[in-house]
Amino acid sequence: MDAQEFRQFGKAAVDYIADYIETIRDRPVLPSVEPGYLGDLLPKDPPKTGESWQEVLQDVDRIIMPGLTHWHSPKFHAYYPTANSFPAVVGEMLSAGFGCVGLSWVSSPAYTELEVVMMNWLGKLLNLPEDFLNCSEGPGGGIIQGSASEVTFIGLLAAKEKKVKDLLAIDPELKEADIKGKLVAYTSDQSNSSVEKSGLLGSMPMRLLPADENGKLTGSILLQAIREDKAKGLIPCYVVACLGTTPTCAFDDLTELGPICNKEEIWLHVDAAYAGTAFACPEYRYLMEGVEFADSFNFNAHKWMLVNFDCSAMWVKNAKYLVEAFNVQRIYLKDNHKGLAPEYRHWQISLGRRFRALKLWFVLKIYGVDGIQKHVRHQIGLAKYFEELVEQDSRFEVCTSSMGLVTFRLKGDDRLTETLLAKVDQRKNIFVIAGHFNKKFVIRFAICSRLTEKCDVDYSWKELQTQADEIVAPKLELNTEMIIKKGLAAIKLSDAATETLRTERSK
Ligand SMILES: *Cc1c(COP(=O)(O)O)cnc(C)c1O
């Protein structure tokens with residue numbers, strides 16, 4: 001394919017994406033394909049001679065499109081959002097076009113340098129403590145990683161190296177393997193599955209401590225676990241606190257957990273994968289109070305901040321601990337820029353790096369701080385609106401509501417809500433998923449797509465309500481309530497009218 005053909009193919013692809021997004025509201029959220037559908041649509045062998053780009057686009061429409069789950073449909077309310085915006089898509093495209101691999105500063109200086117500046121912009125957007133920023137005097141800094149899972153794992157590896165070094169410095173007689181065998185990590189039973197996975201990958205038992213009735217890990221539970229383990233001769237090493245848990249978007253209290261970790265010399269990592277974006281709005285920053293106690297902090301710009309997957313922002317208070325854990329030198333990697341810019345390969349697992357800062361820059365530049373704040377507030381507003389709708393139907397109860405996530409259920413036995421969820425998902429008009437809260441089965445309803453508007457929330461609620469009608473009859477009291485309300489309103493009106501008449505007569 002030459003550049004001339006690329007121009008045509010590329011433009012046609014951009015049109016295809018724009019058409020897709022413009023018509024996404026009218027598509028069923030969930031595809032109607034069966035497992036294995038795709039294999040039957042493609043030849044068993046690669047084509048011997050190349051085909052035209054037109055055929056490729058036709059194939060996309062015929063083979064891929066029917067098997068897509070439409071994450072950006074305004075009626076997609078499952079999981080948490082995954083970001084998407086036109087500026088980010090273009091950033092991704094340019095990054096592919098430049099096609100460099102940023103394995104060191106010199107391998108593409110703009111890669112490293114834009115990332116440094118973007119991570120400072122982003123840190124300031126969230127109002128993170130200065131210590132975490134690349135532009136601070138100290139050893140802190142930020143980097144873009146692929147996912148929150150990766151970040152949690154990297155934090156664990158850094159914490160492990162640090163703990164081993166610290167203990168060996170105190171007692172050189174100790175054996176590294178003995179120390180490593182005794183390390184233990186903590187998080188709450190509400191944390192993301194990736195946190196437990198990081199413990200598995202990093203060979204460090206990850207204790208899932210019971211959260212309180214609000215879904216938070218309390219200081220007293222953490223302290224009790226630490227004491228138990230120390231009494232057994234274990235070495236507490238790593239705590240993952242969560243700002244915005246996956247099941248209910250609960251916020252651990254860092255002012256409680258932070259001082260404990262600092263005092264016990266345990267690395268505190270803060271996972272704010274979804275909710276971190278909300279800290280762009282000053283009114284939500286109280287929820288990250290105590291973040292100054294953390295050793296590392298992470299949020300996914302690719303979740304709620306309009307930057308396409310993957311773009312997970314990680315900051316550390318002291319990058320030395322990452323470098324010490326990950327630095328492997330080779331002659332072909334020799335750095336010759338005298339430490340003026342970070343060598344990000346020492347902060348991550350892979351050697352190569354994508355130009356992810358570009359799409360982040362496009363989003364920050366084109367939306368601006370105002371645009372991002374507006375997006376967050378709009379989505380939280382829609383979740384609040386949904387919550388009100390649920391509360392007006394006495395068959396339902398709202399269980400939690402935080403940021404863009406509401407969990408709710410039909411009152412009574414869990415089986416009612418389970419049936420409702422099964423019915424709704426089968427119809428594929430909207431997509432919601434199950435959750436648990438305080439041992440009860442709930443439906444999670446998240447505002448995900450940046451395209452979601454009030455009319456879509458109305459639509460989704462109606463879908464839920466009409467399916468509920470087939471399980472629990474619309475309650476009569478509802479109507480009685482309505483009649484009483486209307487009656488009261490009428491009485492008020494007539495009182496007002498009488499009052500007006502009276503004043504007019506007395507004139
Ligand atoms: C989504 C999520 C994760 C996992 O994010 P990835 O980037 O997909 O690894 C981790 N923690 C929390 C709280 C999340 O919401």
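A polar contact is a pair of N or O atoms within 3.5 Å; within protein, one must be able to donate a hydrogen and the other to accept it, and residues adjacent in sequence count only if both atoms are side-chain atoms. In this predicted model, local features need pLDDT of at least 70 and side-chain atom pairs count only at pLDDT 80 or more, while totals for chains, interfaces and linings use all residues. Residues are numbered from 1 along each chain as its sequence is written, and side-chain values use heavy atoms, with hydrogens and water left out.

**The ligand and its shell**

There are 14 residues around the ligand, and A148, S149, D271, N300 and K303 come nearest (near: a heavy atom within 4 Å).

| Residue | Protein atom | Ligand atom | Distance |
|---|---|---|---|
| A148 | backbone N or O | oxygen | 2.8 Å |
| D271 | polar side-chain atom | nitrogen | 2.7 Å |
| N300 | side-chain N or O | oxygen | 2.9 Å |

The protein buries 86% of the 390 Å² that the ligand exposes when taken alone (Shrake-Rupley method, 1.4 Å probe). Two or more residues of the shell come from each of the elements α5 (148-170) and α10 (301-304). Helices here are DSSP runs of H or I with at least four residues, and strands are runs of E with at least two, numbered from the N terminus. By class, the shell has four nonpolar, eight polar and two charged residues. Nonpolar covers Ala, Val, Leu, Ile, Met, Phe, Trp, Tyr, Cys and Pro; charged covers Asp, Glu, Lys and Arg; the others, Gly among them, are polar.

**The sheet**

Seven strands form an open sheet with mixed pairing, in the order β1-β7-β6-β5-β4-β2-β3 (strands pair if DSSP finds at least two bridges between them). Because β1 (141-145) and β3 (206-209) stand at the edges with a single partner strand each, one side of each is left without a neighbour in the sheet. Strand β2 (residues 183-188) runs parallel to β3 and is joined to it by four bridges; T187 has L208 in β3 as its bridge partner.

Strand β4 (residues 235-242) is likewise parallel to β5, with five bridges between them, and Y238 stands opposite W267 in β5. Five of the five residues of β5 (residues 267-271) are buried, so this strand is largely enclosed by the rest of the structure (buried: under 20% relative accessible area, 1.4 Å probe, protein chains only). W267, H269 and D271 point one way from β5, whereas L268 and V270 point the other way. D271 of β5 also has the polar side-chain atom that lies 2.7 Å from a nitrogen atom of the ligand.

Key. Buried means under 20% relative accessible area, exposed over 50%, partly exposed in between (1.4 Å probe, protein chains only).
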